[in-house]
Amino acid sequence: MADEGNQVLMEHHSNTGKWLLLLLAVIVVAAFGYVQYVTHAKINQLTDQLATSQAQVKELADRMQTAEAQEETLAHQAGMTKKELVQKTAELQAEQTQERAAQSRLEAQQKEQIGQVTGEIAGVKTDVGGVKTDVASTKADLEATKAKLQSTIGDLGVQSGLIATTRSDLETLKHKGDRNYYEFTLLKGAKPQPVATVSLELKKTDAKKGKFTMNVTADDKTIEKKDRNIAEPIQFYCGRDHLLFELVVWTVDKNKATGYLSTPKSAPVPVTAN
């Protein structure tokens, strides 16, 4: 009985070993098949990629051939060899580089010049502001000076305009621009002196009393202005249009008198007028 049991047990172990070997063989065959499948798929993928690469290489080669053919055609049309064409292309590229550099320098110079002009404009604006201030100040000074000037009745009883009693006052009247003004200095005993379009002759002076006597010649007529005072408007009519002329003496010395003659803007002007 013991021998039979051992025999049964041995047969059982033998069958189990067979099944294990069979299972192991199946697994090996499946693994080998899977590896073959994966390898085949990878080979197919690599084959496709290789074919694609070969197509791309062929396309690139065709393009290169086409480009070379175009270069040769262009070189032929230009009457140059391929080498000369390549050299000419390089020269053109170098010229383009130089032109771009020159353009960059020009743009930089233009920006610099614009900056300088902007600065100069700012300076001019500052100067203009200063000039405006000066003009306003001068205008204020003129207004103050005009306020000091006198307006009185002339020796003909006609209302005179503003009169000047100094040379600076006369400059103010000249800037005002309402009439023409001519300065004069007369010497006693001298010949008649032309002033504008008339002649003046100093006949007598009294420095202590500030009086004088002079002859005024206008339109071939001589009028004596006797014992007139300093700063007194001496008036007379002149010309075909009967224009009112006016003279003022502001200083009288022993043998000399100084002053000015004023005439309307419409009055004739001498050729050599001071």
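Where does Ala231 lie? Ala231 lies in the loop between β7 and β8 (234–238), and the views below take up this residue along with others.

This is a predicted model, in which local features need pLDDT of at least 70 and side-chain atom pairs count only at pLDDT 80 or more, whereas totals for chains, interfaces and linings use all residues. Residues are numbered from 1 along each chain as its sequence is written, and side-chain values use heavy atoms, with hydrogens and water left out.

**View 1. The protein chain as a whole has three helices and 10 strands.** Helices (H or I, at least four residues) and strands (E, at least two) are DSSP runs, numbered from the N terminus. From the N terminus on, the order of the elements is α-α-β-β-α-β-β-β-β-β-β-β-β. The protein chain has 274 residues, of which 20% count as buried; buried means under 20% relative accessible area, exposed over 50%, and partly exposed in between (1.4 Å probe, protein chains only). Contact means heavy atoms within 4.5 Å, and among the contacts in the protein chain with a separation of 6 or more, 43% come from residues 24 or more positions apart.

**View 2. Residues 19–37 carry a UniProt annotation.** The unreviewed UniProt entry lists this span as "transmembrane region"; UniProt positions are given in the numbering used here, feature names are shortened, and annotations may be inferred rather than shown by experiment. In the model the span 19–37 is 100% helix and 0% strand, and its end C-alpha atoms lie 27 Å apart.

**View 3. Helix α3 covers residues 167–176 and has buried residues.** Asp169, Leu170, Thr172 and Leu173 are buried in this helix. Seen down the axis of α3, the buried residues fall within an arc of 155°, so they line one face of the helix; the arc is that of the directions from the helix axis to the C-beta atoms. Just after α3 comes Gly177, which takes a positive phi of about 75°.

**View 4. Arg167, Glu171, Lys174 and Glu183 are linked in a network of salt bridges.** A salt bridge is a side-chain nitrogen of Lys or Arg within 4 Å of a carboxyl oxygen of Asp or Glu, and by this rule the count comes to five salt bridges. Another salt bridge joins Lys176 to Asp178, with the closest N and O atoms 2.1 Å apart; Lys176 is partly exposed at 35% relative accessible area, and Asp178 counts as partly exposed at 43%. Lys203 forms a salt bridge with Glu201, for which the closest N and O atoms are 3.7 Å apart, and Lys203 is partly exposed, with a relative accessible area of 43%.

**View 5. Lys225 is a buried residue in strand β7 (residues 221–229).** Its relative accessible area is 5%, and the side chain of Lys225 reaches the backbone oxygen of Gln235 at 2.9 Å. Leaving aside neighbours within four places in sequence, Lys225 is in contact with Asp155, Leu156, Phe212, Thr213, Met214, Val216, Ile234 and Gln235.

**View 6. Asp227 and Ala231 each have a positive phi although neither is a glycine.** Asp227, which lies in strand β7, has a phi near 50° and is partly exposed, with a relative accessible area of 38%. Ala231, in the loop between β7 and β8, has a phi of about 65°.

**View 7. Phe236 and Phe245 form an aromatic pair.** Rings of Phe, Tyr and Trp (its six-membered ring) pair if their centres lie within 6.5 Å; planes under 30 degrees apart count as stacked, over 60 as edge-to-face and the rest as tilted. By this rule the count comes to three aromatic pairs. The pair of Phe236 and Phe245 is tilted, at 5.7 Å centre to centre and 50° between the planes; Phe236 counts as buried at 2% relative accessibility, and Phe245 counts as buried at 1%. Ring pairs also link Tyr181, Trp250 and Tyr260 into a cluster.

Key
Polar contact = N/O pair within 3.5 Å; in protein donor to acceptor, adjacent residues only side chain to side chain.
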